[in-house]
Every structure is written in structure tokens, then in C-alpha cells.
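Thanks for coming. I have one structure to go through today, so please bring it up on your screens.

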Amino acid sequence: MPRRNRPGRGRRDEPVLGGATGWASAESGPDGEWLVRSVPGAQAVKTYRCPGCDHEIRPGVPHVVAWPADETGSSADRRHWHRACWQSRATRRPSRW
């Protein structure tokens, strides 16, 4: 009899509920505490401007949404980033806010 796979068992990465738009995980970096949510390409339906590179994030492109952890859910503080730009934010500053 085949073994039964049970995804998610034993995982310690528990998401934190943040904002009205869905689940987010807490991230800590040199620039502070952030709540970060991944947006899959199928759910990316609008055009945004990435603060890391100042280029557009087109509809259908997977990206992340990040906002300060101390201002949970504030739509004014949420920023949409390319994944690579978010991961390299410590080595370069945002080009615009």
C-alpha cells in the first residue's frame, strides 16, 4: 500500500495574518520588521511600480507586497516589489517612494 503524503506536517513557518488582502509572513531585516505577502502571477491583475528598480510590475508577473509590521494593514504603506528587488533591498536603496 502506498504511503500517504501529508503536506505541511512538521512545518514551523506559520503565516501571520496581516492586512485585509490575505496572509503574510513576518520578515526581519536591517531595515526593520516587515510583513510580506507573495502575489502569484495569476492574481496580479494591476500594474504597479517597484520602489527598488523604479520599473513597472505588469499584470501576470509574480511579485511580493511588503509593509511595515508596526502598521499592519495600512494600504498607504504597502509597496509592491519584484521578488529580486525585495531580496536585494539591503544592497541598494529604493529609487522612489
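Predicted model: local features only at pLDDT ≥ 70, side-chain atom pairs only at ≥ 80, totals over all residues.

I start with the core. The largest nonpolar core has nine residues: Trp 34, Val 36, Cys 50, Ile 57, Val 64, Ala 66, Trp 81, Cys 85 and Trp 86.

Now to strand 6. How many of its six residues are buried? Six of the six are, and the strand is mostly covered.

What does strand 6 pair with? Strand 3 is joined to strand 6 by six bridges, and the two run antiparallel. In that pairing, Ser 38 is opposite Val 64. Strand 7, residues 79-81, is joined to strand 6 by three bridges, again antiparallel. There, Val 65 is opposite His 80.

Val 64 shows these surroundings residue by residue. Beyond four places in sequence, Val 64 touches Val 36, Arg 37, Ser 38, Val 39, Arg 79, His 80, Trp 81, Arg 83 and Trp 86.

Next, the rings. The whole structure has two aromatic pairs. In one, Trp 34 and Trp 86 have ring centres 5.5 Å apart and planes at 85 degrees, so this pair is edge-to-face. Trp 34 belongs to strand 3 and Trp 86 to helix 1, 52 residues apart, and the pair links distant parts of the chain. In the other, Trp 81 and Trp 86 have centres 5.3 Å apart and planes at 75 degrees, so that pair is edge-to-face as well. Trp 34, Trp 81 and Trp 86 form one aromatic cluster.

Why does Trp 81 count as buried? Its relative accessibility is 4%, and the cut-off for buried is under 20%.

Last, Arg 89, in the segment after helix 1. Is Arg 89 buried or exposed? Arg 89 is buried, with a relative accessible area of 11%. Its charged end sits over the ring of Trp 86, 3.6 Å from the ring centre. The side chain of Arg 89 also makes a polar contact of 2.9 Å with the side chain of Asp 31. Beyond four places in sequence, the contacts of Arg 89 include Trp 34 and Trp 81, both from the cluster.

Terms used:
Residues numbered from 1 in each chain as written. Heavy atoms only, no water. Core = buried A, V, L, I, M, F, W, Y, C linked by side-chain atoms within 4.5 Å. Buried < 20%, exposed > 50% of the residue type's maximum accessible area, 1.4 Å probe, protein only. Contact = heavy atoms within 4.5 Å. Helix = DSSP H or I, 4+ residues; strand = E, 2+ residues; numbered from the N terminus. Polar contact = N/O pair within 3.5 Å; in protein donor to acceptor, adjacent residues only side chain to side chain. Pairing = 2+ DSSP bridges. Phe/Tyr/Trp six-rings, centres within 6.5 Å; stacked < 30°, edge-to-face > 60°. Lys NZ or Arg CZ within 6 Å of the ring centre and 35° of its normal.
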